[in-house]
Amino acid sequence: MAEPGSRTGSGESRSPWLRNGFVLAVAFIGFVAVVGVAVLVSSDPPEGRSGAVPPAPGTDAGTVQSPPSAAADRGDCPEREDTGRKVPTAPPEDVGWKLFHSVALPSSKAAGPAVVEKDVARCYAHTPLGALLASSQISVRYLAADDWQGVTRAQTVGDGREPYLKARAASERTADPRAQEGAAQGQIAGFDFVSYTGGTAVIRTVWRFQDGRMQAAATTVLWRDGDWKLEYPADPPAPTPVDSLAGYVEWGGV
């Protein structure tokens, strides 16, 4: 069996967890699909918009000002320049995109991540933009990273975290990475803030797959210990198919 960190010649991870058939088999359909690595074929009619209500502006946008260190889950992040309190209603400016295991992920000098330590990208501004960037980055990294366990422990919270860690570790010890070929890789196509406060952001992200299909899924990030952490609930919500970006801010790196 290939180790989780091994790759194909194209650089794609060979971890069986990233194969869509394998993911479906272990019943992590909802949350895995959030990061666009498993295409769900739904019998429900496609939805064109999220139906989210306009969010309220956040509270204090302060950040922790101590220097960075190797501890990814401590409040030791440098101050971020971004202090904007308005929820983005257009593509954020000054955002760059870089591929991580073939998925384009956004970053900003002003809003983060300020520190990248191997697979962990951390230290985001305590602002709506910081929450958006954290949601995008962590949602992909906890699943696709070679050190997925380190990312999950450092940057996720919630009742579903430990069951996910245990089930995935057990599955990767026994699964044949050749059992399923051709993971359906998705890319960020748009977003919509469902709600934002200084401590919690709920964001719906649209993922576009190689065959043109799109899905929207809601993720929650929580401000904990001086940084945004991704909430991994015990019962992750399933994504919903969408047929257009109407109602979303169109946004993506590819």
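D82 is buried yet takes part in no salt bridge, and the nearest side chain of opposite charge, that of R80, is 9.1 Å away. Here buried means under 20% relative accessible area, with exposed meaning over 50% and partly exposed the range in between, for a 1.4 Å probe and protein chains only. A salt bridge is a side-chain nitrogen of Lys or Arg within 4 Å of a carboxyl oxygen of Asp or Glu, while for charge Lys and Arg count as positive and Asp and Glu as negative, with His and the chain ends not counted.

The place of D82 is in the loop between α2 and β1, where helices (H or I, at least four residues) and strands (E, at least two) are DSSP runs numbered from the N terminus. The side chain of D82 makes a polar contact with the side chain of T127 at 2.5 Å; such a contact is a pair of N or O atoms within 3.5 Å, of which, within protein, one must be able to donate a hydrogen and the other to accept it, and residues adjacent in sequence count only if both atoms are side-chain atoms. Setting aside residues up to four places away in sequence, D82 touches A110, A111, A125, T127, L129 and G130, contact being heavy atoms within 4.5 Å.

## Basis of the model

This is a predicted model, in which local features need pLDDT of at least 70 and side-chain atom pairs count only at pLDDT 80 or more, whereas totals for chains, interfaces and linings use all residues. Residues are numbered from 1 along each chain as its sequence is written, and side-chain values use heavy atoms, with hydrogens and water left out.

## Salt bridges

By the rule given above, the count comes to six salt bridges. One of them joins the side chains of R122 and D76, at 2.9 Å from N to O, and this pair links distant parts of the chain, since R122 is in strand β4 (residues 120–122) and D76 in the loop between α2 (29–34) and β1 (96–100), 46 residues apart. R122 counts as buried because its relative accessibility is 0%, and D76 counts as buried at 6%. D76, E117 and R122 are linked in a network of salt bridges.

Elsewhere, the side chains of R213 and D211 meet in a salt bridge at 2.7 Å, N to O; R213 is partly exposed, with a relative accessible area of 38%, and D211 is partly exposed at 46%. E162 forms a salt bridge with R161, the closest N and O atoms being 3.3 Å apart, and E162 is partly exposed, with a relative accessible area of 29%.

A nonpolar core is a set of buried Ala, Val, Leu, Ile, Met, Phe, Trp, Tyr and Cys residues joined through side-chain atoms within 4.5 Å. In the largest such core, of 41 residues, F193 and W228 touch the most other members, and α3 gives the most to this core, with ten residues. A second, separate core of seven residues includes A189, M214, A216 and Y248.

Helix α3 (residues 128–144) has 17 residues, so at 1.5 Å a residue α3 should span 24 Å, which agrees with the 25 Å between its end C-alpha atoms; the expected span is 1.5 Å times one less than the number of residues. Helix α3 is mostly covered, with 17 of its 17 residues buried.

## Surroundings of W251

W251 lies in the segment after β11 (249–250) and counts as buried at 6% relative accessibility. Leaving aside neighbours within four places in sequence, W251 is in contact with residues including P91, P92, W97, L132, L133, S136, I188 and F191. The C-alpha atoms of W251 and T205, 46 residues apart along the chain, are separated by 9.6 Å.
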